[in-house]
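Colleague: Hi! Could you walk me through this structure? I'm new to this, so please keep it plain.

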Amino acid sequence: MSPVAVVVGPPGAGKTTIGTALAEALGVAFRDTDADIVEAMGKSISDIFTDGGEAAFRAAEEKAVAVALREHDGVLSLGGGAVLSEQSRKLLAEHTVVFLNVGMAEGVRRTGLSTARPLLAGVNPRAKFKELLDARLPLYREVASVEVDTDTKSPDEIVSQLATVLNRGE
């Protein structure tokens, strides 16, 4: 079993929104590894970060990604930092990965610098968002089969483009 597509990207890229709509368009199930982690650990991602730190979350995330890649045959959305794991990147090499790219200004606007996103909390969330983009952009591109700029497209336009590409097997 293998996902039809694995969706990656930074916070605010639209991984859940696009992933859910893409799954519907393709007639398959949607799964989100962040939701898997919350369910498995019985607490919010913010609480996981607070209680165990980023290392505890990343360990749970790496496990959740490996399990979901084995078990799920629909559209799978990964958390924004899942690509930080070398093991997860190796596993992703065997799959069709959609990178939803979002620029800094649009990403900041979409996330609203939400406190529900623990890595964006703090004294200068805009600087933190830029730091995340700078560190992760090469990793997203490393694993990507398809890259879509989400800054100026509606979710419907993105889903239509992706459905066409995925149905052609590109």
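Colleague: To begin, is the crossing of α2 past α3 left-handed or right-handed?

Modeller: α2 passes α3 in a right-handed crossing. A crossing is called left-handed if the near helix is turned anticlockwise from the far one by less than a right angle, and right-handed if clockwise. Before we go on, this is a predicted model, where local features need pLDDT of at least 70 and side-chain atom pairs count only at pLDDT 80 or more, while totals for chains, interfaces and linings use all residues. Residues are numbered from 1 along each chain as its sequence is written, and side-chain values use heavy atoms, with hydrogens and water left out.

Colleague: Thanks! At what angle do α2 and α3 pack, and how far apart are their axes?

Modeller: Helix α2 (residues 33-41) and helix α3 (residues 45-71) pack at about 115°, and their axes are 9 Å apart. Axes here are lines fitted to C-alpha atoms, for helices over the stretch in contact, and angles run from 0 to 180 degrees between N-to-C directions. Helices (H or I, at least four residues) and strands (E, at least two) are DSSP runs, numbered from the N terminus.

Colleague: Which residues make that contact?

Modeller: From α2 there are T33, D34, D36, I37, V38 and M41, and from α3 there are I45, I48, F57, A60, E61, A64, V65 and A68. Contact means heavy atoms within 4.5 Å. By class, the contact of α2 with α3 has 10 nonpolar, one polar and three charged residues. For those classes, Ala, Val, Leu, Ile, Met, Phe, Trp, Tyr, Cys and Pro count as nonpolar, Asp, Glu, Lys and Arg as charged, and the others, Gly among them, as polar.

Colleague: Let's zoom out. How many helices and strands does the protein chain have?

Modeller: The protein chain has seven helices and five strands. Reading from the N terminus, the order is β-α-β-α-α-β-α-β-α-α-β-α. Of its 170 residues, 45% are buried, where buried means under 20% relative accessible area, exposed over 50%, and partly exposed in between (1.4 Å probe, protein chains only).

Colleague: Now charges. How many salt bridges turn up in the whole structure?

Modeller: A search of the whole structure finds nine. A salt bridge is a side-chain nitrogen of Lys or Arg within 4 Å of a carboxyl oxygen of Asp or Glu. Side chains of opposite charge can pair when their charged atoms come close.

Colleague: Which residue does D36 pair with?

Modeller: D36 forms a salt bridge with R31, and their closest N and O atoms are 2.7 Å apart. R31 is buried, because its relative accessible area is 19%. R31, D36 and E71 are linked in a network of salt bridges.

Colleague: What about K43 and R141? Which partners do they have?

Modeller: K43 forms a salt bridge with D51, with the closest N and O atoms 3.0 Å apart. K43 has a relative accessible area of 28%, so it is partly exposed, whereas D51 counts as exposed at 53%. R141 meets E147 in a salt bridge of 2.9 Å, N to O. R141 is partly exposed at 42%, and E147 is partly exposed at 37%.

Colleague: And D32, is it buried or exposed?

Modeller: D32, in strand β2 (residues 30-32), is buried yet has no salt bridge. The nearest side chain of opposite charge, K15, is 7.9 Å away; Lys and Arg count as positive and Asp and Glu as negative, while His and the chain ends are not counted. Not counting residues up to four places away in sequence, D32 touches T16 and S77.

Colleague: Where is S77?

Modeller: S77 is in strand β3 (residues 75-77), and it is buried, with a relative accessible area of 1%. Leaving out residues up to four places away in sequence, S77 touches residues including V7, K15 and D32.

Colleague: Last one: where is G103, and what does it touch?

Modeller: G103 is in the loop between β4 (97-101) and α5 (104-111). Not counting residues up to four places away in sequence, G103 touches F129, L133 and D151. G103 is partly exposed, with a relative accessible area of 23%.
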